[in-house]
Amino acid sequence: GDDDEKKSVGGTALDAVRRYGAVADAGVGTGAAAGFDRVDWERLYRHEKQRQRRARSVFVRDERTVAARTVVMLLTVIIATAAGEHFGGFMALVGSLGGALLAYCFPAVLHFVRFRHESSVLSKATDLAVLLFGAVVAVVGTYTSIRAIS
């Protein structure tokens, strides 16, 4: 029936409103269902089908995203070609800087800043120790990579 069709699209009318804002006239009706008796089910159905198609697709259809990815790939190829025989050293340099910062320094700083008022002294000391370790690893890795390149 009509109710089965509505539920198969996305649950109850309240779910539809929460998910898509599909109410034509809020406030119409009475009781707990006030505002939910004029849900645009056709619009909701089209929106849900479109969302499902996008979720299943492995291909990007947005032209700007495709263009941006293409530019990044071309820049990567240009850098790799320009680096030539030093490409391995260049990658080691980028990895030592980026890897140490992303794995050790940034998480410690973010945790320290986010929980500075709630953290114990031990937690703050641990954040500082991880930050210092990450900084040492970044400096040593960078120095080693630069030495290998030159």
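This is a predicted model: local features need pLDDT of at least 70, side-chain atom pairs count only at pLDDT 80 or more; totals for chains, interfaces and linings use all residues.
S145 is placed in helix α6, and, leaving aside its neighbours within four places in sequence, S145 is in contact with G89, A92, L93 and S96, contact meaning heavy atoms within 4.5 Å.

Residues are numbered from 1 along each chain as its sequence is written, and side-chain values use heavy atoms, with hydrogens and water left out.

Now the overall picture. The protein has six helices and zero strands, so that the order from the N terminus reads α-α-α-α-α-α; helices are DSSP runs of H or I with at least four residues, strands are runs of E with at least two, and both are numbered from the N terminus. Of its 150 residues, 17% count as buried, and among contacts between residues at least 6 apart in sequence, 46% join residues at least 24 apart. The accessible surface comes to about 11200 Å², and 65% of this belongs to carbon and sulfur atoms, the areas coming from the Shrake-Rupley method with a 1.4 Å probe, and for residues only the protein chains shown count as cover.

Let me turn to helix α5. At 1.5 Å a residue, its 28 residues should span 40 Å, and the end C-alpha atoms are 38 Å apart, which agrees; the expected span is 1.5 Å times one less than the number of residues. Helix α5 also bends by about 45° at L101, the bend being the angle between axes fitted to the seven residues ending there and the seven starting there.

Which residues of α5 are buried? They are G89, L93, S96, A100, C105 and A108, and these buried residues pack against α6.

The rings come next. The count is one aromatic pair, where rings of Phe, Tyr and Trp (its six-membered ring) pair if their centres lie within 6.5 Å, with planes under 30 degrees apart called stacked, over 60 edge-to-face and the rest tilted. The pair is Y104 with F133, and it is edge-to-face, at 5.0 Å centre to centre and 90° between the planes. It links distant parts of the chain, 29 residues apart, since Y104 is in helix α5 (residues 87-114) and F133 is in helix α6 (residues 121-149). Y104 is partly exposed at 31% relative accessible area, and F133 is partly exposed at 45%.

Finally, helix α4 (residues 63-83) has 21 residues that should span 30 Å at 1.5 Å a residue, and its end C-alpha atoms are 30 Å apart, which agrees. After α4 comes G84, whose phi is positive, near 55°.

Terms used:
Buried means under 20% relative accessible area, exposed over 50%, partly exposed in between (1.4 Å probe, protein chains only).
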